[in-house]
Amino acid sequence: MTEPVILADVVRNGFVEGHHRGSVVVTEPDGTVSWSAGIVAEPMFPRSSNKPMQALAMLRHGLPLEANLLALAAASHSGEQFHLDGVREILAKADLDESALRTPVAYPLDEDAHAAWIRADREPRQVAMNCSGKHAAMILTSTLNGWQIHDPVTENDPQARWGADDYRSPGHPLQQAIRTAVEDTAGEKVSYVAVDGCGAPIFAISLAGLARSFGLFAAAAPDTDEGRIADAFRAHPEYASGTKRDEADFIRQVDGLFCKVGAEGVYAAGLADGRGIAIKVEDGDGKRAREVVLAATLRRLGITGDVIDRHISLPVLGGGVRVGETRPNPELFG
């Protein structure tokens, strides 16, 4: 195993004051690694970058969602009003409301939506949590298949550890199906199971496996389940993330791109030709480094344009004025 490498530099008035270390990998359409730096073959948690694989398992078991709601089911949404309305629409298909959710309470991620929430003196709610679309889809899939969604022991205590019949339990039929979907698309076995921030299971695979999965989704035919998910992201990037997010910008501007962020500095993307990209920023500060590294990796693969220019350098401020940048490591990306 190698060590994480410097992926990005933080530069202030010409002085490099910090670095973001991590790992990055590019896979070919056949799944082989064509370029990498850092640790790409050891287990890692994709975090929310695994949501397309979770949605794949749900489609395999009859999840009946139109494209915008399918994108929301695989999203880490920003909590804008149309996201919350969409979550409620998914739950309504199971004749349930948001009280069925077992996500932690949260405020919306979107700054404007968050501020409006505070001005209205509203408490954090489960429906506003960025994973509520996924959880709503998990509940709908479970009810359609006759699987329990809440364990009687914990049903009246949303903060309790889930029981065996809870849809979040690793032994639940839905979570077992999700594990299979992760392994099928990554081309490798899950090596570790833990609890993600939203309370659902998270399955460890390698960074290379994550890239392979995204390449597979991005190149899939439109009539396949994988292709349906990728096309839902492409048609409705605001549902898959938010109206102001870099994910939506990349998807709109790079032809055929399919991408998803995850916590702890994870970013994964697939190109229409089947190449995959996966990034893990070691310090977990995804907002400052991961989009810069994705833009640099796309440029390395020959993709150019305004969207790359917008995200390949983020401002470092001094007194409210740009005095530097977070940039890709020139020794790695040129």
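## Ground rules

Buried means under 20% relative accessible area, exposed means over 50%, and partly exposed is anything in between, with a 1.4 Å probe and protein chains only. This is a predicted model, so to speak: local features need pLDDT of at least 70, side-chain atom pairs count only at pLDDT 80 or more, and totals for chains, interfaces and linings use all residues. Residues are numbered from 1 along each chain as its sequence is written, and side-chain values use heavy atoms, leaving out hydrogens and water.

## Two positive phi angles

Most residues other than glycine have a negative phi. D95 has a phi near 60°, a positive value in a non-glycine residue. You'll find D95 in the loop between helix 3 (81-92) and helix 4 (111-119); helices here are DSSP runs of H or I with at least four residues, strands are E runs of at least two, and both are numbered from the N terminus. With 72% relative accessibility, D95 counts as exposed.

E264 also has a positive phi, near 60°. E264 sits in the loop between strand 7 (258-262) and strand 8 (266-270), and is partly exposed at 39% relative accessible area.

Helix 10 (residues 246-253) is mostly covered, with six of its eight residues buried. Those are D246, E247, A248, D249, F250 and I251.

Of its 97 residues, L210, I229, F250, I279 and L298 touch the most other members. Helix 7 (residues 207-219) gives the most to this core: seven residues.

Conventions:
A nonpolar core is a set of buried Ala, Val, Leu, Ile, Met, Phe, Trp, Tyr and Cys residues joined through side-chain atoms within 4.5 Å.
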